Amino acid sequence: MTLKRTLENIENQFETFQILNEEGEIVNEDYMPDLSDEDLKEIMRRMVYTRILDQRSIALNRQGRLGFYAPTAGQEASQLGSQFALEKEDFILPGYRDVPQLIWHGLPLYQAFLFSRGHYKGNQMPEGVNAVSPQIIIGAQITQTAGVGLGYKKRGENAVAITYTGDGGASQGDFYEGINFAGAFGAQAIFVVQNNRFAISVPVEKQSAAQTIAQKAVAAGIEGIQVDGMDVLAVYAATKDARERAVNGEGPTLIETLTYRYGPHTMAGDDPTRYRTEDEDNEWEKKDPIVRFRKFLEAKGLWSEEEENELIEKTKEEIKAAIKEADNTPKQSVTDLIGIMHEELPSNLKEQLEEYKEKESK
Amino acid sequence: MAQMTMIQAITDAMRTELKNDDNVLVFGEDVGQNGGVFRATEGLQKEFGEDRVFDTPLAESGIGGMSIGLALTGFRPVPEIQFFGFVYETMDAISGQMARYRYRSGGTRPMPITVRSPFGGGVHTPELHADSLEGLMAQQPGLRVVIPSNPYDAKGLLISSIRNNDPVIFLEHMKLYRSFREEVPEEEYTVELDKAAVKREGTDVTLVAYGAMVHSCLKAAEELEKDGVNAEVIDLRTVAPVDYETILESVKKTNRAVVVQEAQKQAGIAANIVSEIQEKAILHLEAPVLRVTAPDTVYAFTQAEEVWLPNHNTIVEKVNDVMNF
């Protein structure tokens with residue numbers, strides 16, 4: 001007699017949720033979200049805008065005109081589908097690749113560029129934009145999200161905290177602590193893991209024996225779902241559902257989106273050809289979120305090549321204007337930095353402030 | 001006025017602020033029903049309810065991260081780290097995150113968090129319970145580190161810390177929790193942060209200390225007086241930032257100084273104070289500024305604790321070296 005085994009049973013429960021297949025056909029009509037034609041077009045506009053922004057950001061980085069940058073192409077459906085399901089009052093705690101969500105939540109583009117350049121003004125969310133700037137330490141934002149979600153619950157707010165990390169982040173202790181705390185306290189929180197298959201270079205198969213990241217929710221006693229992360233409608237529907245349950249007091253959700261980043265990990269010298277094959281890249285590009293959504297919209301008569309080209313031109317103009325505004329922002333000084341460390345300057349910094357004021361006035 | 005131990009004064013400070021401000025939340029491992037392993041939160045859950053005083057899962061990084069999230073939604077968290085040796089589990093949440101959030105939000109998001117934690121030697125704890133890790137915290141820009149030496153200061157400093165809009169690491173020396181009582185007002189009052197106190201006036205040598213070592217210095221000063229040496233004793237109270245003004249004023253008067261800390265010698269608070277004294281007052285000095293510290297080993301828990309820890313005798317020896325230089 002052997003003891004009862006449960007792992008296989010649990011793993012079999014986690015099927016990939018899809019609404020729109022690679023051909024742009026609805027395959028899961030029952031879950032088709034209630035979105036107007038205008039909403040559908042807006043989602044497409046945001047994905048195209050973000051793809052163009054990624055291309056321009058990579059170019060700007062190569063010209064030395066941008067600082068830290070983590071490419072986003074391939075992940076638009078995961079990033080923007082989930083953000084589109086949010087309300088203005090929801091709080092975003094992003095990872096370092098999640099600048100697009102911040103932009104669509106209200107961070108002006110020129111400030112996103114300033115963030116990339118390490119300027120403190122890139123970290124100042126405009127009044128009413130509930131978000132913090134992208135987290136650099138993998139997973140640190142996950143425990144904080146449990147706290148924001150608990151804060152919203154304590155205040156009786158009709159809002160959620162949402163955080164993003166990658167498959168790599170799901171190995172961190174903070175990932176488990178965050179989802180466990182959120183479960184224990186019934187925090188109004190959503191944890192999105194964008195599983196793009198690689199923690200820089202290490203494939204998911206080497207990161208964990210777990211067949212899915214979504215199943216890790218079971219250990220924390222919270223809901224978990226695996227979603228086709230190249231299908232913007234599925235990501236939207238899963239996030240919308242998670243949001244509704246969170247604000248209704250039904251607890252937090254872990255959403256794993258299966259996606260792929262076409263580019264390198266960051267622009268700081270990563271070379272994906274060292275750990276990925278061209279075949280694999282091609283396989284994933286066939287699943288492209290924009291291609292399949294374009295097919296879907298075109299079949300509905302909602303999208304045209306002309307409209308897309310117009311959008312691309314407009315986006316390029318906006319990017320040009322934003323980079324100009326970033327260029328025109330006075331450079332950050334050490335004096336500025338001292339000024340934003342504390343509410344009230346401690347004595348040591350008072351002395352150092354004088355020193356740097358003098359240095360920087362020359 | 002009431003006679004209180006330091007732990008009672010600390011409970012009283014939290015009660016005061018829980019009453020004053022609905023945004024104050026007290027939480028940590030065993031702080032709810034159980035009232036904390038040292039009873040620092042005794043009765044608070046009963047008085048203020050589970051919504052404001054509550055137990056957390058046993059995970060220090062989670063406690064630190066959750067504190068940040070609560071601060072982001074306007075709360076004023078007062079988390080407890082059960083023993084400060086466990087801070088390594090939450091170093092990122094404290095040093096990598098809460099200390100940097102004001103900066104990282106371009107000055108827009110305050111972190112009014114007071115992390116309370118017992119530390120300090122001489123009470124025969126297991127490993128990683130007694131360590132003096134204030135030096136680690138002091139190196140992190142954005143953090144304040146406060147260490148009271150008596151019940152009156154403990155209450156006033158804790159109230160000031162909770163009201164402060166930047167993160168404070170509030171370290172409570174275990175040996176002082178119940179070692180003596182003193183008069184502590186039942187009404188609210190504050191003791192200013194970043195400000196040292198002259199605990200004993202003297203003319204011949206300045207002793208600088210904090211936490212339990214303040215008492216060892218006072219005892220040493222009594223011994224020294226028998227030999228005609230009149231020591232001034234300064235209690236830092238806030239160890240980051242250090243109130244150098246008070247120290248320098250004293251050293252310029254006494255022309256000699258000994259800096260005392262329970263922590264190991266290398267890279268600590270004392271080293272910084274010695275540097276500052278020689279940078280700002282070298283021409284006032286009649287002798288090198290010496291340090292009394294523990295040796296550079298891990299904390300000698302239980303076995304060699306009594307020898308490892310500095311005490312009034314080792315302080316008297318160093319003062320004699322300075323006097324006879």
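This text walks through the interface of chain A and chain B, then the domains of chain A. The model is predicted: local features need pLDDT of at least 70, side-chain atom pairs count only at pLDDT 80 or more, and totals for chains, interfaces and linings use all residues. Residues are numbered from 1 along each chain as its sequence is written, chains are lettered from A in the order in which they are written, and side-chain values use heavy atoms, with hydrogens and water left out.

Start with the contacts. Chain A brings 38 residues against 43 of chain B, where contact means heavy atoms within 4.5 Å. The two chains bury about 3,200 Å² between them, 57% of it on carbon and sulfur atoms. Buried area is the accessible area (1.4 Å probe) that two parts lose on being put together, summed over both. A:K154, A:R155 and A:F181 supply 20% of the area that chain A buries against chain B, more than any other three residues.

Two salt bridges link chain A and chain B; each needs a side-chain nitrogen of Lys or Arg within 4 Å of a carboxyl oxygen of Asp or Glu. A:K154 pairs with B:D51 in a salt bridge, with the closest N and O atoms 3.1 Å apart.

Which elements of chain A supply at least two residues each to the side that touches chain B? They are β2 (91–93), α6 (140–155), α7 (173–185) and α15 (347–361). The largest share, ten residues, comes from α6(A). Helices (H or I, at least four residues) and strands (E, at least two) are DSSP runs, numbered from the N terminus.

Finally, the domains. An automatic or database assignment sets the bounds: chain A has domain 1 (11–330) and domain 2 (332–361).
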